[in-house]
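Visitor: Could we go through a structure together? I would like to start with the overall fold and then turn to single residues.

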Amino acid sequence: MVEICDSAALKAKKEKYQLLTEQISALIEGETDSVSVMANVCSAIHDAMGFFWTGFYRVNNGELILGPFQGPVACMHIGYGRGVCGTAWKEQQTIVVPDVEQFPGHIACSSLSRSEIVVPVFDQDGNVVAVLDIDSKELATFDDTDRVFLEGICKMIPAPPCGLQAK
């Protein structure tokens, strides 16, 4: 019986993400300003999925700087390779953390955060220009479904013009 419920929950989650992806695509169509797009993307994700914290950190002068977000106040500067966000930037891949207390070097912007997913945003040359960071108050909130859909959403975000981000 649990397997049937899990299957139904997974199907509902995928359907929610499919609708969200379509909505974001329509919302940002033709927009070229990356910060404006990030603002609406994080708002749409946050509203549709009900996560605790949803936002972007932008690469700027060799560190991640807080960008558009939804949720409580957040850390404003994150170093390369530090915490989940800095590690996702360094490794250039999505990181799913079922329990943030088990992640070495986790930066606790809020003690209420229990699980996290961080998705890099790449420019046309394959450089990380930002990361999408999403936190949940629940353990093990994020899975491969979240990863796949959030990576797809991040591919829709236009890279900032040359010179506005540092590698």
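Guide: The conversation below moves from the chain as a whole to particular residues.

Guide: Please note at the outset that this is a predicted model.

Visitor: Understood. How many helices and strands does the protein chain have?

Guide: The protein chain has four helices and six strands. Read from the N terminus, the order of elements is α-α-β-β-β-α-β-β-β-α.

Visitor: And how compact is the chain for its length?

Guide: The protein chain is as compact as a globular protein of that length, because its radius of gyration of 15 Å is close to the 15 Å that the globule rule gives for 167 residues. Along the principal axes, the C-alpha atoms fill a box of roughly 55 × 40 × 25 Å.

Visitor: What share of the residues is buried?

Guide: Of the 167 residues, 43% count as buried. The chain exposes about 8800 Å², and carbon and sulfur atoms supply 51% of that area.

Visitor: Let us change topic. How many aromatic pairs are there?

Guide: The structure holds five aromatic pairs. One of them joins Trp53 and Phe69, whose rings are stacked, with 5.4 Å centre to centre and 20° between the planes. This pair links distant parts of the chain: Trp53 lies in strand E1 (residues 53-60) and Phe69 in strand E2 (residues 63-70), 16 residues apart.

Visitor: Why does that angle count as stacked?

Guide: The planes of Trp53 and Phe69 are 20° apart, and planes under 30 degrees apart count as stacked.

Visitor: Is Trp53 buried or exposed?

Guide: Trp53 is buried, at a relative accessible area of 4%.

Visitor: Which residues make up the aromatic cluster with Trp53?

Guide: Trp53, Tyr57 and Phe69 form one aromatic cluster.

Visitor: How far is Arg58 from Lys16?

Guide: They are 27 Å apart in space, C-alpha to C-alpha, and 42 residues apart in sequence.

Visitor: Now helix H4, please. Which of its residues are buried?

Guide: Helix H4 covers residues 144-154, and its buried residues are Thr145, Asp146, Phe149, Leu150, Ile153 and Cys154. They cover an arc of only 150° around the axis, so they lie on the same side of H4.

Visitor: Why would such a spacing put residues on one side?

Guide: An α-helix has 3.6 residues a turn, so residues three or four places apart point the same way.

Visitor: What happens at the start of H4?

Guide: There, a side-chain oxygen of Asp143 comes to within 3.0 Å of the backbone nitrogen of Thr145.

Visitor: How far is Ser111 from Phe122?

Guide: Their C-alpha atoms are separated by 29 Å, although the two residues are 11 residues apart along the chain.

Definitions and conventions:
Residues are numbered from 1 along each chain as its sequence is written. This is a predicted model: local features need pLDDT of at least 70, side-chain atom pairs count only at pLDDT 80 or more; totals for chains, interfaces and linings use all residues. Side-chain values use heavy atoms; hydrogens and water are left out. Rings of Phe, Tyr and Trp (its six-membered ring) pair if their centres lie within 6.5 Å; planes under 30 degrees apart count as stacked, over 60 as edge-to-face and the rest as tilted. Helices (H or I, at least four residues) and strands (E, at least two) are DSSP runs, numbered from the N terminus. Buried means under 20% relative accessible area, exposed over 50%, partly exposed in between (1.4 Å probe, protein chains only). The arc is that of the directions from the helix axis to the C-beta atoms. A polar contact is a pair of N or O atoms within 3.5 Å; within protein, one must be able to donate a hydrogen and the other to accept it, and residues adjacent in sequence count only if both atoms are side-chain atoms. The radius of gyration is taken over C-alpha atoms; the globule rule is 2.2 Å times the number of residues to the power 0.38. Accessible areas come from the Shrake-Rupley method with a 1.4 Å probe; for residues, only the protein chains shown count as cover.
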